[in-house]
Amino acid sequence: MTVIEPSRLRVPGAPEQVALRPPWDRRRRELAASALVLAVLAGWAIWRTGIWDLATVFGQESRTKVANFLFGTSLRPGALPPRVTQPGLLFEKVMETFFIAVAGTFLATVCSVPLAFLAARNTTPHPVVRLMARGLIAFSRTVPDVIFAFVFVRVYRIGPLPGILAIGFHAIGMIGKLMADAIEQSDPGPREAIAAQGGSWLQQMSTGVFPQVVPSFLGTILFRLDINFRASTVLGLVGAGGVGSLFVLYTGNLRWDLALGVVCATVVAVLLVDQLSNRVRKALLAAEATSGRKRLRTVALDPDRLRPPLDAYRKRLAAFVVASAGLLYASYLVTAVSIRSFFYGLRPQLGAPQSGQPPSVWYVARRLLPFDFDTNTPVFDWWNPFVRKALFDTIATGFAAATIGVALALPLSYFAARNVAPSRAVYQSTRILLVLARAVPELIVAVVLVVAMGLGLVPGVVALALGVVGFGGKLFADAIEDVPSGPRDGVRSVGASRLQDTATGVTPQFVPALVGNGLYILDINIRSSAVLGIVGAGGIGALLSNYLQTQRFEETGGILMVIFVVVFVIERFSDWLRVRLI
Amino acid sequence: MNEPAIRITKLRKEFDGGRVVALDDVSFEVPAGQLLVIIGLSGSGKSTLLRHLNRLHEPTSGQVEVLGCDLGRAGRSELRRVRRDVGFVFQQFNIVGRLSALENVLSGALGRLRGPRYGVMTYSQSLRRQAWEQLDRVGLADRAFQRTDTLSGGQQQRVAIARTLMQQPKIVLADEPVASLDPEISGQVMEVLFRVTSEDRLTVVTSLHQVELALGWAQRMVGLRDGKVVLDRDAAGLSTEEVMKVYTRLDPDGEKRAEYRAVSA
């Protein structure tokens, strides 16, 4: 209990004596400085990427290029209309993509559950263990899945296996983090009760903590399956299997009509999986929330055969577990991964492989450290002009895309929020628009735009911004729908117009979510823009793929570290800013 | 067997590096089978004392012996063995809200079992039957498969009592078990607790705010004020006035005020 000294309480003067504006205190100064820094960086990014120059972006020259791309020239066929000549193969590859996502999600879940218990403040055996677990989770979140795939392809060669590992390893970053957060928010009481009766640590976890987080875990896993499927569609671009490999095959032959057919099939599949995971998640969690609410008659219970009643939740959970096991086995069959070659990649061999042999994971991991162990000197000079330029290009691309995307998504999100949209028709059509914008993988948009618009940063910015419209629009709209209606009733009751209600009753409540999600989008975009270079859209990814293809692992690792640092700084900054806003 | 169930010797507990003294030179014994009620103001050290009896707190100095085991010297496995014989009923129930009543009661058997458990069906049928019988004793047999967060506060605490009984303890410690319940429900819950523990001839140490309830059931009462024992008598013949003295603040406007504030913070 703190006692406030009367002398420290400022007594407000009469209204005519004080200027009635918010006090210019430390928090406000920090917020203003952050806004200024972000605005300056956004301006710099838009200038550096060249996207500001709309006359060139939409000029005669680029219009011709796009027309040639779409309708073809005498030398090559156009992209329109999209065509599918090998439907069987296409279907096979889409299924392979799905099963890569399933196996990757499973792998990530299996790794994340123990990791989350080690990483949560209240369940970790030791602070050092917690720091290491949190570090590993942050690392796998920071490194884009495409880059993991790129590295794993060096070890496991082309095929679905590196894809599964990349998806799995990257997903630990999100699944592990959300699970650890859920554990930290759990009630310590039940666990204390088990400790107080002499239960072991494992029993405290299994019976005191785990039951509390089951619904959250289920939701997280199903949500991630959806994200993983989207991610799996582009892994083929770096040789890690799935429908992306077909896209690469067709674009290599300059058959853009076939490539566009693949894209259309991908979009349909993404929408289907989105629906699937959403419905399964809702069905499970809704049944969970109503499970066990009914009182059972004593006569219905046979004391010699006491078992929980088989209600909707238990039936659905059982179906979910059986279906997951079935899908996992199916993915083992469909992707035809070899468990033996997986373990062969893990063999304890730190040295260089014999000629003709693939290197071990450990060898590649060691070589990824930008350090020469023979001479004890750092290998990677991150301040050399190439790296510097590529790094700034990447940051600018991510920043510009986030800025433009958020600016476009924000007005849309008001139309896509059920409680604010002017009409049901507007709400539904905006939602469909957002879903479609989200369904096309950014990397594929980037490939298409690079061909259509030429090299440079602009295609990357446009591709990422389009993704932001879909993803950000959905996040913002959901946040607006979550706004409590109390303040709105207050504003409406004084006779405010619809617009005033939205401006005063809704927007102030939505601002913290807007800033939080906006910074999250910025963070994702800088990570994504680091990958764009792999498909020719400039930035640090171009260097990265160059180094990897020439087996210069040390430089690759150096670049990964630079990306890690940049993303880490942005994450810290957004945490810092969020605390000040709420 | 004349060995007391609990023996506390010169127990002292400081928080904040000695700035707050929660327990000051507390010594007493509890013979097996006694029902002892601890009374005192909020912050007088009741909870702290109870939590020492299970070593949920480490003493600053002094000794706590439970069932012949010196808790301060007990190793991990020995501590766990003692804890198996000591049930603890918490003020906030400490049950898992989304699990069924039966599953919460079953978790009381964990101390006797090896390995982690999750789900009713991971316990044997005979344990399930035992758990259901304990639920029956607290009057909740028909709620066995209901989620505990849909039960009322009094029912939830009865589930917690059944869980403690499931442990087959020798001692039951209860830390203000009815402090978050309304008066009528409090009476019902305490009655359940006292009835089942006397049926099983258990040693009970509980802290309680309701003096009337305490006088009705307790065999012995211990009063705490500022971490010191200020009352320790058989409950028979104890008058309400004598008990209420424990609750009067000493010189409420004098120099001790700062201390009261620190303790209650």
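**Figure 1. Helix H15 of chain A, residues 385–415.** This helix has 31 residues and reaches 45 Å from its first C-alpha to its last. That is close to the 45 Å expected at 1.5 Å a residue. The expected span is 1.5 Å times one less than the number of residues. Helices (H or I, at least four residues) are DSSP runs, numbered from the N terminus. H15(A) has a kink of about 30 degrees at A:Ala409, shortly before the proline A:Pro411. The bend at a residue is the angle between axes fitted to the seven residues ending there and the seven starting there.

The model is predicted: local features need pLDDT of at least 70, side-chain atom pairs count only at pLDDT 80 or more, and totals for chains, interfaces and linings use all residues. Residues are numbered from 1 along each chain as its sequence is written, while chains are lettered from A and ligands numbered from 1 in the order in which they are written.

**Figure 2. Helix H18 of chain A, residues 458–481.** Its 24 residues reach 33 Å from the first C-alpha to the last. The expected value is 34 Å, at 1.5 Å a residue. Of the 24 residues of H18(A), 21 are buried, so the helix is largely enclosed by the rest of the structure. A residue is buried if 20 or more other C-beta atoms lie within 10 Å of its own, exposed if 12 or fewer, and partly exposed in between; C-beta atoms are placed from the backbone.

**Figure 3. The largest nonpolar core.** This core has 150 residues. A:Ala149, A:Phe152, A:Val262, A:Ala446, A:Val461 and A:Val468 touch the most other members. At least three residues come from each of domain 1 (87–292 + 310–336) and domain 2 (383–581) of chain A. A nonpolar core is a set of buried Ala, Val, Leu, Ile, Met, Phe, Trp, Tyr and Cys residues joined through C-beta atoms within 7 Å. A second, separate core of 77 residues includes B:Leu50, B:Val66, B:Val172 and B:Val205.

**Figure 4. Domain 1 against domain 2 in chain A.** The domain bounds come from an automatic or database domain assignment. The C-alpha centres of the two domains lie 22 Å apart. The contact takes 19 residues from domain 1 and 20 residues from domain 2. Two residues are in contact if their C-beta atoms, placed from the backbone, lie within 7 Å. On the domain 1 side, H11(A) gives the largest share, 5 residues. That side divides into 14 nonpolar, 4 polar and 1 charged. Ala, Val, Leu, Ile, Met, Phe, Trp, Tyr, Cys and Pro count as nonpolar, Asp, Glu, Lys and Arg as charged, and the others, Gly among them, as polar.

**Figure 5. A:Val213 in helix H9, residues 201–232 of chain A.** A:Val213 counts as buried because it has 23 C-beta neighbours inside 10 Å. Not counting residues up to four places away in sequence, A:Val213 touches A:Ala182, A:Ile183 and A:Ser186. A:Gln185 is 28 residues away along the chain, with 9.0 Å between the two C-alpha atoms.

**Figure 6. A:Trp576 in helix H22, residues 553–581 of chain A.** A:Trp576 counts as exposed because it has 12 C-beta neighbours inside 10 Å. A:Trp576 and A:Leu548 are 28 residues apart in sequence. In space they are 35 Å apart, C-alpha to C-alpha.

Conventions:
Helices (H or I, at least four residues) and strands (E, at least two) are DSSP runs, numbered from the N terminus.
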